[in-house]
Amino acid sequence: MNNIEIIEMTVNEHTGYAKVQWMHETEYNMPHYAAFIFVPFQKSRWVPLFVSKKEECNLAVQEAKAYLEMALNRCTLC
């Protein structure tokens, strides 16, 4: 994976995206992978993927896919 991986997924006719990115260390947290989740009817947001080893990028992508699928399953018009 390069520095950023984009995932597209459709569940129940709703399409969403996850942008997986390596987050560098800051004064507030250790380096880790996070995903920016875009799904219909919900606020877009960063979510931590709880993967803190840069070489485990495949695990981070799998975690992001699971989170994206869960978010798409919660899409409603209400």
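Which strands do the buried residues of α1 pack against? I found β1 (4-11), β2 (14-23), β3 (32-38) and β4 (45-48). Buried here means under 20% relative accessible area, with over 50% exposed and partly exposed in between (1.4 Å probe, protein chains only).

Ground rules first. This is a predicted model, where local features need pLDDT of at least 70, side-chain atom pairs count only at pLDDT 80 or more, and totals for chains, interfaces and linings use all residues. I number residues from 1 along each chain as its sequence is written, and side-chain values use heavy atoms, with hydrogens and water left out.

Next, the helix. I looked up α1 at residues 57-73: 17 residues, reaching 24 Å from first C-alpha to last, close to the 24 Å expected at 1.5 Å a residue. (Expected span is 1.5 Å times one less than the number of residues; helices are DSSP runs of H or I, at least four residues, and strands are E runs of at least two, numbered from the N terminus.)

I listed the buried residues of α1 as Cys 57, Ala 60, Val 61, Ala 64, Leu 68, Ala 71 and Leu 72. They share one side of α1 because their arc around the axis is only 105 degrees, taken from the directions from the helix axis to the C-beta atoms.

Then the sheet. I traced 4 strands in an open, antiparallel sheet, in the order β1-β2-β3-β4. β1 and β4 are at the edges with a single partner strand each, so one side of each has no neighbour in the sheet. Pairing takes at least two DSSP bridges between two strands. I counted 4 bridges between β3 and β4, with Ala 35 partnered by Val 47 in β4.

Technical notes:
Contact means heavy atoms within 4.5 Å.
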